[in-house]
Amino acid sequence: MRRRSPLVLAAVATSALILTACGSSDSGTTESSAAAESAAPAESAAPAESDAAAGGSADLSGQTLTISNWAGYYPEDLATQVEASLGTPVTIANHATNEEIMAKLTAGGDSGFDVAFVSGQYAQALNDAGLLEPIDATQIPNLSNLYPEATQLAYDPGNTFSVPYTWGTTGICYRSDLVDEPTSWMDILEPSDENKGKVTQMTTERWLALPALKALGYSINTTDDGQLAEAKDLLVASKADLLAYDDTTFYSRLVSGEANEVVAWDGWCNYGTAENPDIKFVIPKEGSDLWADTMVILKSSQNKEAAHAFINFILDPANHAWVAENILYKVPNQAAMDAVGADLAATYANMGYSPSDLLKQETVVDLGADSVKYTDLATEVTSS
Amino acid sequence: MSATTTEPERGAPRRRALVGRAVFAGPGLLYVTLFMTLPLLIIASYTVLTRGRFGGVETEFTFDNFAKALQPIYLSVLGNSLLIASITTALALLLGYPTAYAIARLPRQWRTVALVLVVLPFWSNFLIRTYAWIILLNSEGPLNTALVNLGIVGAPLDLLYNRGAVVVGLLYAYLPLMILPVYASIERLDPELQEAARNLGAGKVRTFLDVTLPLTLPGTLIGAIFVFVPSMGNFVVPELLGGGKTEMVGNLIRDQFLVARNWPFGAVLALSVVAFLVILFAIQAAIGRRINGGGARA
Amino acid sequence: MEPVRRVGWLHLPLWLTYVFLYVPIAVLVVMSFNASKTPFTWKGFSTRWYGELLQDDLIRQGFINTMIVAVGATVIATSLGTLLAIGLNRYFRSALLEAYALTPAIIPDLALAIGLLALFALVGVTLGLHTVLLAHVVFGMAFVAAVVLARLGHADPSLEEASRDLGAGPVSTFFRITVPTLMPAIVAGALLVFTLSLDEFVIAFFTDGPSTPTLPIVIYSMVRFGVTPEINALAALLLLVSFTIVISAQRITKLTDAL
């Protein structure tokens, strides 16, 4: 008899087990057919993407929108509201980080997205790669609602390929009932004994480097190899006292008491403050960044009119204020902030930062070919 | 189903074999070639190309990617992954082998129930199962709360976000993959062989070492590979339970493709893992053959 | 049945394994009834998370997407895998080719996922459920082929010869004799593919398109962002469904055995 390969044996062992677990063949077939039935109606329920391609006229009801935004970074019923206002079916996908959406947008071919939410420097990179549709200001009359400062940010002066959605800065979010107010980035990088193992840093590349670069007195846009090497050493050394790298749930670690001080974007610190008023935000004395998260339209989009209309919808003062109230991030929309900013600032101090407060910080810009220095730095720090 | 047109012609078995090959094995082999071999060849070609700025590759020939993989920092990640996967496999063996043995020795009507209980967690979502450990091991979680309240420890222990937590998560994810093949090989064992050994005067330990263990070794090796392989490549557990601080080769590969956008380097890493596993399988096959031969003589 | 002899100490690892496997699951189920939004503190009994879960469009859509892929992959992989096994067994008899055909079952999912992403990017295919389906068929087919091949090792070829001698054509022989003989293995393979596809994350993560996340992808983004007890409720529900399927399957087996 032929020697049976070990693979077959292994598969048999596994399948025999599953068979025992599932019983007779009868139950197996009924399960599959039941699954097929439940799957069938789904196909008709899913948005018919072919319609979008067939459309292409300026009539927005014939267009569909596929948007990617950070999870939890928009009001829950945004899609419904947009649909009601524009008559365009909207699908919102989630990404966790800039890197994740960048990988999908640059993978080649049609990514399937019409509008993507990315940070300013990534919008700049996407534009350099020729992937973005120029913003047609005539289709977005609500652009006039933006703070003048927000239209001249270093990554895209004049909003030629991106429109800011939110803006803010990066600092330390901490439990004011448990620890003294941190003053320096070194409180994170070399924490005092009570905070050892109770701090988190962000790992998304530019913000991983930020605390170390600022603590050393360097620009957050530096491309100097020596400065980056110093920052790397500092970051590697700081790993010993780190609870975890966390770009997404740091505020809940403060709420649960797992962490005392975390590197945080101002808006997400507010999520913690909402659950525990003792959670506060501070910009360390060495300074920080000014970042903007933007909306961009993909060149590959088949629904560019609807995409412009979507951005115009967001920039409507009432809508943008609604966004700010929901996500607790500052929006660069003067009319919207005039309406709700003061109320929100009463609870969430950083909602009261003015454009000039923000402009004191250094704007993050794309570094072109030198960007890989930061990705390599991030890889090397997390691998160490 | 184009076989319908070919009547069995006794005079042309060669032709029938050709048609049979084409009709039965053709589609499957074509599929494997298109969607496994071709993708792997593409990856192989990336290893000698230059990274594109936004991911992808530029057709500029280089061996730098291999040199980079040999840098101490990345070799240490590889070593770290080997260590974690090995510890996980060893623990799976220590816990899984006796478990499988115990199940195989249960009365027949209980064996199915016992096995179903082992695989049942497999039927819920892998991520949710991993998430359970975040709740369980958290400094504010039930385990630490219990330990502190019982006065066993003064302050919560750091159970999460370290190598130990990663090993526990991997063990939890893949333990059934060890138990199944081991059980299958123990269950097939002829009890008379053990009986005979005992009758010939061999002690219990002797019987186990000389008869049971060698005969179950092939199944055990398969179980070990089933646990080791996915443990090496896993990037979810190190991220969730390791707090992103313990980098394994799976994270490194994932990051090269999705974060750092250095596809050629990611390709080198991915292929080296594949090559490593091929070697592992060769060793397993060789041992399996020797054991089978020895078993036949016994 | 021979009596269980001197194995009392052997049950210790068995119980250890069960404790290890089920304590986290017990924690999940308990926490799914926790009124508090923070998963680490208990604030009383509540079923609100189950209500929210049932209204969560993302989870519902993810579940439907997963079902489409799992059912599609099961059908295609089972058909191709069965044919492949028969072809390998009858017309090739080459251990090397067999190993080649079964490789997708043991290749690291990450390598396969990245290779497929590269292939799709190179060809310029838009990613979506169809690409996940294509990818799941690759490893699914190998598992089915492995199971069916094992069964073919025991199969008795004389039945098929008799069928042909009695004048049945190859197609009729295939469907009346070959397929029924292999049915247990085919069903086992199909179940294996279905189970694996249902919970497959890595390959789907790389090959899925933006607007059609499968359930494991949805759960991944929830685990990273929301520490909401909704996810515990989802886990509890999934387990309940699994339990029900297993128990009813056991019942059906006992019934058919009795007949």
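Student: Where is B:Y161 found in chain B?
Tutor: In this predicted model, B:Y161 is in the loop that runs between α6 (142–149) and α7 (163–188) of chain B.

Student: OK, and what's its phi?
Tutor: B:Y161 has a positive phi of about 60°, although it is not a glycine. For context, most residues other than glycine have a negative phi.

Student: Is B:Y161 buried or exposed, and why?
Tutor: B:Y161 counts as buried because it has 27 C-beta neighbours inside 10 Å, and the cut-off for buried is 20 or more.

Student: What about A:L328, what's phi there?
Tutor: Phi of A:L328 is near 60°, a positive value in a residue that is not glycine. A:L328 sits in the loop between α13 (317–327) and α14 (334–347) of chain A.

Student: And why does A:L328 count as buried?
Tutor: Because A:L328 has 21 C-beta neighbours inside 10 Å.

Student: Switching topic: how many residues of chain C are in contact with chain B?
Tutor: On the chain C side there are 67, and they are in contact with 64 residues of chain B.

Student: Which elements of chain C give two or more residues to that side?
Tutor: Among them are α1 (11–31), α3 (57–92), α6 (129–154) and α11 (230–258) of chain C. The largest share, twelve residues, comes from α1(C).

Student: How do the residues on that side divide into nonpolar, polar and charged?
Tutor: The side of chain C that touches chain B has 55 nonpolar residues, eight polar and four charged.

Student: Last one: which domains is chain C divided into?
Tutor: Domain 1 covers 22–55 and domain 2 covers 58–225 of chain C. The C-alpha centres of these two domains of chain C are 36 Å apart.

Definitions and conventions
Residues are numbered from 1 along each chain as its sequence is written. Chains are lettered from A and ligands numbered from 1 in the order in which they are written. This is a predicted model: local features need pLDDT of at least 70, side-chain atom pairs count only at pLDDT 80 or more; totals for chains, interfaces and linings use all residues. Domain bounds come from an automatic or database domain assignment. Helices (H or I, at least four residues) and strands (E, at least two) are DSSP runs, numbered from the N terminus. A residue is buried if 20 or more other C-beta atoms lie within 10 Å of its own, exposed if 12 or fewer, and partly exposed in between; C-beta atoms are placed from the backbone. Two residues are in contact if their C-beta atoms, placed from the backbone, lie within 7 Å. Ala, Val, Leu, Ile, Met, Phe, Trp, Tyr, Cys and Pro count as nonpolar, Asp, Glu, Lys and Arg as charged, and the others, Gly among them, as polar.
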